[in-house]
Structure formats: C-alpha cells, structure tokens
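Please walk me through how an open space in a protein model, and then a single residue, can be read from computed geometry.

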Amino acid sequence: QVRLVESGGGLVQPGGSLRLSCAASGNFFSINAMGWYRQGSEQERELVARITSSDITTYGDRVKGRFTISRDGAKKTVYLQLNSLTPDDTAVYYCNADVTRFDHSRRSGYWGQGTQVTVFS
C-alpha cells in the first residue's frame, strides 16, 4: 500500500504564490514518478505537473512557466511551487504516485486526499 499526504494548500490573492508538498510512504520498492493533478468545480481532473525518478518533468499547458515541480528522493517527497496564481487555478490539487512494488509490478493509481487551492480577489 502507498500513502500520499499532501499539504500546503490555502487561500491566496491573484498574483500570489503557494508551495504544495506531497510525502509518500508505505510498502513499495521504488518511486518511478510523482505528479500533481487538479480538479476544479465541474471540471475534469487534469495534469498539472509530473516528475520522474530521473528528474524528467512534464507540465500542463495552462501552468507552464508559472509552476515548478521538484522532488527530494531521500524524503520521498514531491513539491509544487505555484507562482502568478489566477482564479482559474482554483481547484483541489491531488498528488499521484507511480511506484514499483516488491513483486516488481508497477502501479500508478495511488492518490492523495487532495488539498484545496483557492485564488480570490
């Protein structure tokens, strides 16, 4: 089992910044990638950013140039720096992990509980 615990959401004004964290724990061999997705009201969940164990990053088109994903492999933690926030960034942000288990199988369907980011003027 994999447990993902997110933190760092909150209320911020347009143009402001936040930093989200997601720590992974549990019974698995290694982390292949971790990422952030978000889901706004009446919207589908979308990719925000993803980082692999080789530090290859992928960003959603709507956040490129404003958000930065990073990781601390030793702490099994991924971070998301959110800058230049706009009301359109308001959503619940979910952490996702893609891991290799001890039986060498790979699974990517692990999700955190979500953390709310609200950008208001």
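This is a predicted model: local features need pLDDT of at least 70, side-chain atom pairs count only at pLDDT 80 or more; totals for chains, interfaces and linings use all residues.

A: Residues are numbered from 1 along each chain as its sequence is written, and side-chain values use heavy atoms, with hydrogens and water left out.

Q: How much space lies in the largest pocket, and which residues are the closest to its centre?

A: Rolling a probe the size of a water molecule over the atoms shows where empty space is left. A pocket is an open set of points on a 1 Å grid over the protein atoms alone, where a 1.4 Å probe fits, with protein on both sides within 12 Å along at least five of seven lines, and lining residues have an atom within 4 Å of a point. Here the largest pocket holds about 170 Å³, and of its 15 lining residues I31, M34, R71, G73 and K76 are the closest to the centre.

Q: Which element gives the largest share of that lining?

A: Strands are DSSP runs (E, at least two residues) numbered from the N terminus, and strand 4 gives the largest share, 5 residues.

Q: Is N32 buried or exposed?

A: Buried means under 20% relative accessible area and exposed over 50% (1.4 Å probe, protein chains only); N32, found in strand 4, has 15% relative accessibility and therefore counts as buried.

Methods. Grid points are joined across faces, edges and corners, and a volume is the space filled by probe spheres set on the points. Helices (H or I, at least four residues) and strands (E, at least two) are DSSP runs, numbered from the N terminus.
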